[in-house]
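Subject: Structure handover

Hello,

Here is the structure I promised to pass on. Please open it first, then read my notes below.

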Amino acid sequence: MDYRERIDASQLDLKDTVVSIGRVTKVVKGGKNMSFSALVVIGDGAGVVGFGIGKAKEVPSAIKKAIEAAKKQLIRVPMAGTSIPHPVLGQFGAGSVLLKPAPDGKGIIAGGAVRAVVEAAGIHNVLTKSLGSPNAHNVVRATFAALTSLKDPSAVARLRGKDLEELVGA
């Protein structure tokens, strides 16, 4: 069951990052139709992040459409301090992204599309490895698959009927 809470974008202070802009050409009977595709990641830097894809005849219009699409699919990321609670692997298509928690001061060890998503989410210490396809769309979707499969330690402890200290091992 893939249950996600509805997050109201108007209540948040969202920052957007353009991950990629592609020139798309459609060949039709009368010639070639040119347009632009934009992949945008938005987040509030405090655990809420989303991404969107927009296509239009001009770049600014494509970016604007992508931002509107991203606001409709925001997710909340469970965090442990400034990192993630546990290692996780996300997959989409031929792209896979491995995310591992890191100690304070390590920073964001990530490249390109993964870095944009992780920074927008507000994660400050994480180790990542992008495996498989280097396609920005697949990498962003794989990163989101990883972030959505993260479990909050307190919720897991409650489901198992244990204390958080008993589960984590304080």
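First, a definition: two strands pair if DSSP finds at least two bridges between them. Helices (H or I, at least four residues) and strands (E, at least two) are DSSP runs, numbered from the N terminus. In general, strands of a sheet pair through backbone hydrogen bonds, either parallel or antiparallel.

Some ground rules. This is a predicted model, where local features need pLDDT of at least 70, side-chain atom pairs count only at pLDDT 80 or more, and totals for chains, interfaces and linings use all residues. Residues are numbered from 1 along each chain as its sequence is written, and side-chain values use heavy atoms, with hydrogens and water left out.

**Confidence**

pLDDT is the predictor's confidence in each residue, from 0 to 100. The chain average is 90, and 96% of the residues score at least 70. Among the elements, helix α1 (residues 59-71) has the highest mean, 96. Helix α5 (residues 164-168) has the lowest, 73.

**The open sheet**

Four strands make an open sheet, in the order β1-β2-β3-β4. Their pairing is antiparallel. β1 (15-28) and β4 (75-76) are at the edges with a single partner strand each, so one side of each has no neighbour in the sheet. β3 and β4 are joined by two bridges. Val 48 has Arg 76 in β4 as its bridge partner.

Helix α1 lies across β1, β2 (31-43) and β3. It runs at about 140 degrees to β3. Such angles run from 0 to 180 degrees between N-to-C directions, and the axes are lines fitted to C-alpha atoms, for helices over the stretch in contact. Contact means heavy atoms within 4.5 Å.

β5 (residues 88-92) pairs with β6 (residues 95-101) over five antiparallel bridges. Val 88 faces Leu 99 in β6. Their hairpin has two residues between the strands, and Gly 93 there takes a positive phi near 60 degrees. β6 also pairs with β8 (residues 126-132), antiparallel, over seven bridges. Lys 100 stands opposite Leu 127 in β8.

Phe 51 and Phe 144 form it, 4.8 Å centre to centre. Their planes are 50 degrees apart, which counts as tilted (under 30 is stacked, over 60 edge-to-face, the rest tilted). Phe 51 is in strand β3 (residues 48-56) and Phe 144 in helix α3 (residues 136-148), 93 residues apart. Both are buried (under 20% relative accessible area; exposed is over 50%, partly exposed in between; 1.4 Å probe, protein chains only).

Best wishes

Technical notes. Phe/Tyr/Trp six-rings, centres within 6.5 Å; stacked < 30°, edge-to-face > 60°.
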